[in-house]
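Hi,

Here is the structure I promised to pass on. Have a look at it first, and then read my notes below.

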Amino acid sequence: MQQMNRLSMGPQLRTTSVLVVHLLLMHCNRGQSKLIGPSQPIVATVGDDIILPCHLEPAVDVAAKTLEWTRSDLDPRFVFVWRAAQDVLNIKNPAYIGRSSLFTDELKQGNISLKLTKVKPADQGRYRCYIPDNNEDSLVELVVELLSSVPSISTQTSQSFGFLSSPKLL
């Protein structure tokens, strides 16, 4: 009889162990979102208005959190800082004042994307989207292309023979 009790206890113990581990994992991961950015560089042309994507999945309200967009190669490094539900201007790099913003209406849905207006060649680089409270970041690479000039065709008159030479692409 004791032998049968031991045998019948085995599957119940395994089922209970699996259930406990599952519940612990669910508890540990509950409410944890992951910061997501693009897997490819964002390409912009000088003068464009662009968005550097960054969001939490699943969506979590970050309106009351501190949010930072930085570039480590700048001094000061801050492109945009959101603290106490407002844009913090006194630590922002002067090159980004009036040109960088968040979609404040979408912070409640976890959207931390940065809008950058009137892109300049100097804006090219690696941006860091960061939530200090979560100690979580995502990197976004911005590539800035110069406007290409429109090709023009030129013809020249040959002095020696008085006729037009073949057109040349300049």
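Arg77 lies in the loop between strand 5 and strand 6 (helices, H or I of at least four residues, and strands, E of at least two, are DSSP runs numbered from the N terminus). Arg77 is partly exposed, with a relative accessible area of 39%; the scale is buried under 20%, exposed over 50% and partly exposed in between, with a 1.4 Å probe and protein chains only. Leaving out residues up to four places away in sequence, Arg77 touches Glu68, Trp69, Thr70 and Arg71, where a contact means heavy atoms within 4.5 Å. Tyr127 is 50 residues from Arg77 in sequence, yet their C-alpha atoms are 9.7 Å apart.

Before I go on, the ground rules: this is a predicted model, so local features need pLDDT of at least 70 and side-chain atom pairs count only at pLDDT 80 or more, while totals for chains, interfaces and linings use all residues. Residues are numbered from 1 along each chain as its sequence is written, and side-chain values use heavy atoms, with hydrogens and water left out.

Tyr127 comes up again with the rings. There is one aromatic pair, counting Phe, Tyr and Trp rings (the six-membered one for Trp) with centres within 6.5 Å; planes under 30 degrees apart are stacked, over 60 edge-to-face, and the rest tilted. The rings of Tyr96 and Tyr127 have centres 6.4 Å apart and planes at 90°, so the pair is edge-to-face. The pair links distant parts of the chain, with Tyr96 in the loop between strand 7 and strand 8 (100-102) and Tyr127 in strand 10, 31 residues apart. Both Tyr96 and Tyr127 are buried.

The charged end of Arg99 is over the ring of Tyr96, 5.2 Å from its centre, and Arg128 lies over the face of Tyr130 at 3.9 Å from the ring centre.

Six strands form an open sheet in the order 2-11-10-5-6-7, with mixed pairing; two strands pair if DSSP finds at least two bridges between them. Strand 2 and strand 7 (86-87) are at the edges with a single partner strand each, so one side of each has no neighbour in the sheet. Strand 2 runs parallel to strand 11, joined by four bridges; Ala44 has Val144 as its bridge partner there. Strand 10 and strand 11 run antiparallel with seven bridges, and Arg128 is bridged to Leu139. Their hairpin has four residues between the strands, and Asn135 takes a positive phi near 50°.

Overall, the protein chain has one helix and 13 strands, and buried residues make up 29% of its 170 residues.

Cheers

Definitions and conventions: Lys NZ or Arg CZ within 6 Å of the ring centre and 35° of its normal.
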